[in-house]
Amino acid sequence: MHDERNRCQSCAMPLRFDKNRPISSIYCSFCHDGTCFVDQTLTLQDMKRKIRKLLSERKVSRFVKLYLIVRLSTLKRWRTR
């Protein structure tokens, strides 16, 4: 498994790209405000749709898009116990 320490454990964005300086050490400021998730009702399926849309807008290849979408379920917020 890839080292995920430097990625948001909700959306997989590399934390170094968060211009808002994340309050949490494991979540970006778009996903977490330091106390709770910004959108607490967000499901894994919702996140996959958001990421898919963002990656399509950025013209990311289908292979990379698929890889990143599959990886979401390995992140701390989405792991099933």
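## Overall size

With 81 residues, the protein would have a radius of gyration near 12 Å as a compact globule, and its value of 12 Å agrees. That radius is taken over C-alpha atoms, and the globule rule is 2.2 Å times the number of residues to the power 0.38. The C-alpha trace spans about 35 × 30 × 25 Å along its principal axes.

This is a predicted model: local features need pLDDT of at least 70, side-chain atom pairs count only at pLDDT 80 or more, and totals for chains, interfaces and linings use all residues. Residues are numbered from 1 along each chain as its sequence is written, and side-chain values use heavy atoms, with hydrogens and water left out.

## Helices and core

The secondary structure comes to two helices and zero strands (DSSP runs: helices are H or I, at least four residues; strands are E, at least two; numbered from the N terminus).

The largest nonpolar core has 17 residues, with Cys-8, Cys-11, Cys-28, Met-47, Ile-51 and Leu-72 making the most contacts inside it. Such a core is a set of buried Ala, Val, Leu, Ile, Met, Phe, Trp, Tyr and Cys residues joined through side-chain atoms within 4.5 Å, where buried means under 20% relative accessible area (1.4 Å probe, protein chains only). Helix 1 gives the most to this core, four residues.

Beyond its neighbours within four places in sequence, Leu-72 is in contact (heavy atoms within 4.5 Å) with residues including Cys-11, Met-47, Ile-51 and Trp-78.

Definitions and conventions
Buried means under 20% relative accessible area, exposed over 50%, partly exposed in between (1.4 Å probe, protein chains only).
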